[in-house]
Amino acid sequence: MSLIDLSDKAALVTGGSRGIGAATAKMLARAGARVAITYRTRNTDADAVVAAMSASRPNASTESPIAIQGDVSKLEDCERAVAETVKAFGKLDIFVANAGIWISEEVTVKEMSDDQWQTTLSVNLNSIFFGSRAALKVMENGGRIVIVSSTAAQRGEAYHADYAATKGAVNSFVKSLAGEAAPSVNVNAVAPGWVDTEMCEVPFGRDAGSGRREIEAGIPLGRVASEEDIAGPIVFLCSELARHITWEILNVNGGSNGGSVLCG
């Protein structure tokens, strides 16, 4: 038997069509969980993730994974995603709030538009509040909520104040919610540093790749994290191995505490 066995669990991962969300969904499925993902526009990518999860399930007789289209920054879409997950799997044990945005263009607070500020807050915070609230209403004892934060939450992010502010709020939300949800549901966050995802292509690729080399030089472990490097700790926090962990912000950044931009 696998050390992490989630074969009796039902999970929902927001923003699951790519990046950390896709890697997490696939890893949850490999551990035996029945998994639903949300996506906003990338239906082809979402279908590919569902196919990969289906192919890797250890017990093919259980319900097939599903993809749910919607904008999880909107209340009705969050509640519908939770409802469709429960309808498909009969319950919800694990909620991974991964959906989020990071706008790659550097801009000062003085120059930042109202639209950018409001959009970042809506996607990075509303989706977590709406989704966590809806999940808690249907979760039973032993539930797990894991929210994807960022190490930017702890040290700020010059020229990306909107992103850093939302991730700082995420950390406070996790600690507040963990106190309310205990002892029935464990609530934690995983805070990535640099991750090799599409979101980071711009800073990685600047100056013919020197951006990435400069970033890696500042990471004690010497490399940028893969999507799976972040998914692993998320799945761990969803498992019984982490049954005595709640209220935690788990940094997964290769030991780095410097740099200027962090992407999840």
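# Asking how we know: pockets, strands and rings

Tutor: Let's start with the open space: the largest pocket has a volume of about 760 Å³. This is a predicted model, where local features need pLDDT of at least 70, side-chain atom pairs count only at pLDDT 80 or more, and totals for chains, interfaces and linings use all residues. Residues are numbered from 1 along each chain as its sequence is written, and side-chain values use heavy atoms, with hydrogens and water left out.

Student: What makes a set of points a pocket, and what a cavity?

Tutor: On a 1 Å grid over the protein atoms alone, a cavity is a set of points where a 1.4 Å probe fits but cannot get out, while a pocket is an open set with protein on both sides within 12 Å along at least five of seven lines. Lining residues have an atom within 4 Å of a point. Points are joined across faces, edges and corners, and the volume is the space filled by probe spheres set on them.

Student: Why is strand β2 called largely enclosed?

Tutor: Buried means under 20% relative accessible area, exposed over 50%, and partly exposed in between (1.4 Å probe, protein chains only). Six of the six residues of β2, 34–39, are buried, so the strand is largely enclosed by the rest of the structure. Both faces are covered: R34, A36 and T38 on one side, V35, I37 and Y39 on the other. Strands are DSSP runs of E, at least two residues, and helices are runs of H or I, at least four, numbered from the N terminus.

Student: How do you know that β2 pairs with β1 and with β3?

Tutor: Two strands pair if DSSP finds at least two bridges between them. Four bridges join β1 to β2, and four join β2 to β3, so both pairs pass that cut-off. Each pair runs parallel. V13 stands opposite I37, and A36 stands opposite I66.

Student: Why is the pair F129 and F130 called tilted?

Tutor: Rings of Phe, Tyr and Trp (its six-membered ring) pair if their centres lie within 6.5 Å; planes under 30 degrees apart count as stacked, over 60 as edge-to-face and the rest as tilted. The centres of F129 and F130 are 5.6 Å apart and the planes at 50°, so tilted is the word.

Student: What makes L28 buried?

Tutor: L28 has a relative accessible area of 0%, so it counts as buried. L28 is found in helix α1.
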